[in-house]
Amino acid sequence: MNDPESRKGGIGVRSPLSRAMVLLLAVVCGAAVANIYYAQPLLPVISKALGVSEGAGGLIVTSSQVGYALSLALLVPLGDVLERRRLVSGLLALSAVALLGAAASPSLGALYASVALVGVTSAVAQIVVPMAASLAADHERGAVVGTVMSGLLIGIMLARTVAGMLAQFGNWRLVYVFAAGVMVVLAIVLRRVLPLVRPAAKTPYPQLLRSVATLVRTESLLRRRMALAAVGMGAFTVLWTASSFLLAGPVYGYGPAIIGLFGLVGVVGAAAATVAGRLADRGRARQVTTGGLILLTASWGVLVLAGRGGPLGLGALMVGIVALNMAQQALLISHQSVLYRRVPHARSRVTTALMVSAFAGSTVTSALTAALYPVVGWAGVSALGAAIALIGLAIWSLELFRPSPAEPVADPSAGVADGADVDVHAAGPSGAHPDDTHPRPHTPEIPQETSHA
């Protein structure tokens, strides 16, 4: 199990990942990302317990998101140059320490610092995804990434429900103690069962960060997929920010416990990740993207009816939540599938660029939604969500009519680094397009700033 790759005739042949390993990686992703969402339904309780205003308490979520954003930009690229079993298990252990610090925080300032560190370590989820892609065989890569990403979505959705239940039976500190226990167990299990995942090369850290900018500058496919990631996450954030206002307002009048249960509806959308991944494995990533953007736009036509209230409005809200979550998952999987195929030697750095863009879209739309809702109401923010989705369709129409180069780019370090974990088959036939069978001109290699030991 320590060597995921066997050799036949000098060509690397990667064995399929076991179902148990894929599910374990999905659980790790979900549990790690849940750490930054536990606080959302607990903000009023935490604010009261610490004797601060709800506005000040609301910055708890902001602190964790700032830590997460910094980690996406500065920590996730290390997945391309460090041994990932040690990196992942170490970050999970640090996350447990940070979570215990949050549970023991005597003041709001101490809690800010603890949850910021929780956010930093929670970015381990975005290291696990490209790691899973590297461990997977070519024919199953999309399905594996889809399953792991479905775990991430389920973690986001269930975090609110789990936090509410634990806080009801204990207090808000119990939530963080529980989360720390989960991190410890996962760190130990992964350390024991995860195969060694060696980097392809050794790159100095400053050059590693600069290479992310190089990828963005040289790869039009990456830039367009980054824009679409911002669109998808932006629409996702509009829904979940505004729906809390809608459900707590006079139309429905629900309390926090009932509002938290709507996260369970969003879990249904996780099923789209696995389906999208399998379609991507069959060369249908472009069709998945097209369908996802159409569904994303159409979902707002249904969601706007939720503002009417009553059984019709409630049904429209639930259908819209499922549709939008399915669209967002399908889009994200299609982005990762084509980019991981395009740049197989820099999957962690591609993930950094993609997720930083998605996070930026989420941050901007969250602020817009919070500012606009008191003025324009549910109908207005639904129009905002639809407009964001239409921007995505416009970006995608450019890609359909003027496709970016998408054939795999060879790793300049392949065959040089000793013991490198290189996916030989990822390069595929020269000029083969991952989404269709039409030949395309050969694309020059991406400049790499690599120094070998």
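The protein chain is built from 15 helices and two strands, and please keep in mind that this is a predicted model. Of its 453 residues, 56% count as buried.

Now turn to helix α9, residues 205–218. Leu208, Ser211, Val212, Thr214 and Leu215 are buried in α9. Viewed down the axis, the buried residues fall within an arc of 165 degrees, so they line one face of the helix. Their cover includes α10 (220–248) and α15 (347–401).

Next, look for the charged pairs; there are four salt bridges. In one of them, aspartate 80 meets arginine 349 at 2.8 Å, N to O. Aspartate 80 sits in the loop between α3 and α4 and arginine 349 in α15, so this pair ties together parts 269 residues apart in sequence. Both residues are buried.

Glutamate 219 pairs with arginine 342, with the closest N and O atoms 2.7 Å apart. Here the loop between α9 and α10 is linked to helix α14, across 123 residues.

Finally, glutamate 399 and arginine 224 form a salt bridge at 2.7 Å, N to O. Glutamate 399 belongs to α15 and arginine 224 to α10, so the pair joins parts 175 residues apart in sequence. Arg224, Glu399 and Arg286 are linked in a salt-bridge network.

Terms used:
Residues numbered from 1 in each chain as written. Predicted model: local features only at pLDDT ≥ 70, side-chain atom pairs only at ≥ 80, totals over all residues. Heavy atoms only, no water. Helix = DSSP H or I, 4+ residues; strand = E, 2+ residues; numbered from the N terminus. Buried < 20%, exposed > 50% of the residue type's maximum accessible area, 1.4 Å probe, protein only. Expected span 1.5 Å × (residues − 1). Arc of directions from axis to C-beta. Contact = heavy atoms within 4.5 Å. Salt bridge = Lys/Arg side-chain N within 4 Å of Asp/Glu carboxyl O.
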